[in-house]
Amino acid sequence: MMRVTPPGTRPTPVILVLGSDFRQAMVDVLTQRYGREYEILAPSSMEETIEVLTELRTGQRPVALAACEFFAGGEKATHLLAKLQKFMPSARRLVYVPAQRFRGAVRQLHESLAEGRLDLYLMLPQGPRDEEFHTAIAETLSDWAQSGSYSEIDGTRIIADGPSPDLARIRDFLDRMGLPNTVHAPDSPAGVAALAVAGPDTPLPLLQAPNDDSLLSNPSNADLGAVLYGRPTDIGEDAVCDLVVVGAGPAGLAAAVYAASEGLDTLVIDQGPIGGQAGTSSMIRNYLGFPRGISGMRLAQRARSQAVRFGARFLAGQEVTGLRLGGGPEGSHVIELGEETVRGRSVLIATGVDYRRLGVEALEGLVGRGVNYGAAVSTSREVKHKRVFVVGGGNSAGQAAVHLSRFAQHVTMLVRRGDLASSMSSYLIREIEGNPRVTVRPRTMVTDGGGEGHLEWLNLRDLDSGDDERVDAAGLYLLLGAQPTCQWLPTDVARDERGFVLSGADTPWQSWQGGRPPAPYATTVPGVFVAGDIRCGSMKRVASASGEGAGVVPLVHAHLASVAN
Ligand SMILES: Cc1cc2nc3c(=O)[nH]c(=O)nc-3n(C[C@H](O)[C@H](O)[C@H](O)COP(=O)(O)OP(=O)(O)OC[C@H]3O[C@@H](n4cnc5c(N)ncnc54)[C@H](O)[C@@H]3O)c2cc1C
């Protein structure tokens, strides 16, 4: 018997437990901790499961977690979960394994995890208070709620009369800042109440922050950022920060945590929400210390609150437009934000790069699940004996194809031009030509793709004939190029021909003091540092960006000490 949702309340999310011998044990473990806030349902046959899921779908009841025994009545858990996925597309998929079968199961489950066919596997607890088990369950449920699948929290209310680019922009900003939000129609009780205060003709979307009577009509990103962190004028006209960090991706956030924790007066500025490129990644699997992976948004939010706890200040939705070197008090640098300015004794450039996107919406939803921006070397083993595709005709695409061919059954390079000659080094072209496991398909583009929880197929279009072909694909690697993002820097800060900032021994020798290159991460201007993807020669990974950000802080101390003397 399922719970009935009283009118006007939100439906209770469901945890579905499937299995045979150990199903009841799993139900007992979950009921004790989660039975008050989730409904635990445990159908005993496939027919009953389909019936339950159909009923849930009709009643718009979300399934938060589907837990399936490693072998449920003779069927493999991953097969069962795949069959059911269309009934519960947002549910997180867990395979639980009784202790006595765990050793034998791990290898198989590890592969399924790598292939994106499940979200986690756990050993069935051996006794009460297995906190490791419950931490994993709680994190999974929290990821599910945070991914927009469901939120009980009313949070910020947005009054909107249907989808629009502004509504999408505002929700994306709030989501990435970790702020729960709900959309209400103008004729809903929340909409009527808000419009009664703002006036019936107020342009929508209209935003009402929780516990706040003020209303914002179609707020810009700067307005949204100001609600949370204030505006540049709040920093104080005469204030000079020890360190101003431009860019709040992993590099900027790591610098902020280390600098603020070491007592430096630190200000971080971002033109968007906090988190950078990493904040847009649905699952980062290769970041140290997160064996089950972590969503980029969650990682960014944790780093931001860590930095705030140490005293770092933030400005969000504020674009840095210029840098006046030594133009502030006591030789400090002036950071321009349009008409407004802030000042720093030292500046860290951590503005990252803009990855060119493929622009196929269905595939953006599978990033991290077979679709990868960049070579994603860590995924190589997952594509063993499978067909993969690399999009791009540059050297990085060629290197990725050669690397992947050591693992995949076959690699197809998709290139818009007629050949590789104008975009790739000739040694690499020769290597690809001689590699039987790599094929180049010129004049071809990807127009669609999909799969159940993981990439399974692509649609390829021949640009000359216009013909479409659907192909099986286990991996798609997008190497479309990355643009550096700091045209606002003065020319004194040396950059390479593509616009990446030079540091350390890469800087022109003419700028070296006393015949010695500046320290790593130091640019050609004293007190101006660089870290992360924007640095020439960087590795373009979350871990390397955060390591570089942290590595800048001792240099900031040394610079502050030198200008104080
Ligand atoms: C879809 C996707 C998935 C990825 N997955 C992984 C993964 O699984 N593992 C991994 O290790 N790496 C992954 N990466 C790469 C990783 O995200 C980057 O290497 C990392 O984010 C670089 O950090 P960063 O701090 O240098 O720059 P970014 O994260 O790019 O942050 C730069 C910030 O600077 C801000 N900014 C830019 N210009 C200005 C300006 N003028 N004023 C104010 N602010 C400005 C931007 O808004 C941005 O927030 C992924 C990248 C993408 C795009």
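The radius of gyration is taken here over C-alpha atoms, and the globule rule sets it at 2.2 Å times the number of residues to the power 0.38. For the 565 residues of this chain a compact globule would have a radius near 24 Å, and the chain has 26 Å, which agrees. The model is predicted, so local features need pLDDT of at least 70 and side-chain atom pairs count only at pLDDT 80 or more, while totals for chains, interfaces and linings use all residues. Residues are numbered from 1 along each chain as its sequence is written.

**Overall fold**
- The chain comes to 14 helices and 28 strands, which are DSSP runs numbered from the N terminus (H or I, at least four residues, for helices; E, at least two, for strands).
- Along its principal axes, the C-alpha trace spans about 75 × 70 × 55 Å.

**Ligand shell**
- The ligand is surrounded by 35 residues, of which Gly-247, Gly-249, Gly-276, Gly-352 and Gly-532 are the closest; a residue counts as near if its C-beta atom, placed from the backbone, lies within 6 Å.
- The elements giving two or more residues to this shell are α9 (250-261) and α14 (542-564).

**Parallel sheet**
- Five strands form an open sheet in the order β19-β26-β20-β21-β22, with parallel pairing, where two strands pair if DSSP finds at least two bridges between them.
- The edge strands, each pairing on one side only, are β19 (371-373) and β22 (438-441).
- β19 is joined to the parallel strand β26 (residues 475-478) by three bridges, and Asn-372 has Tyr-477 in β26 as its bridge partner.
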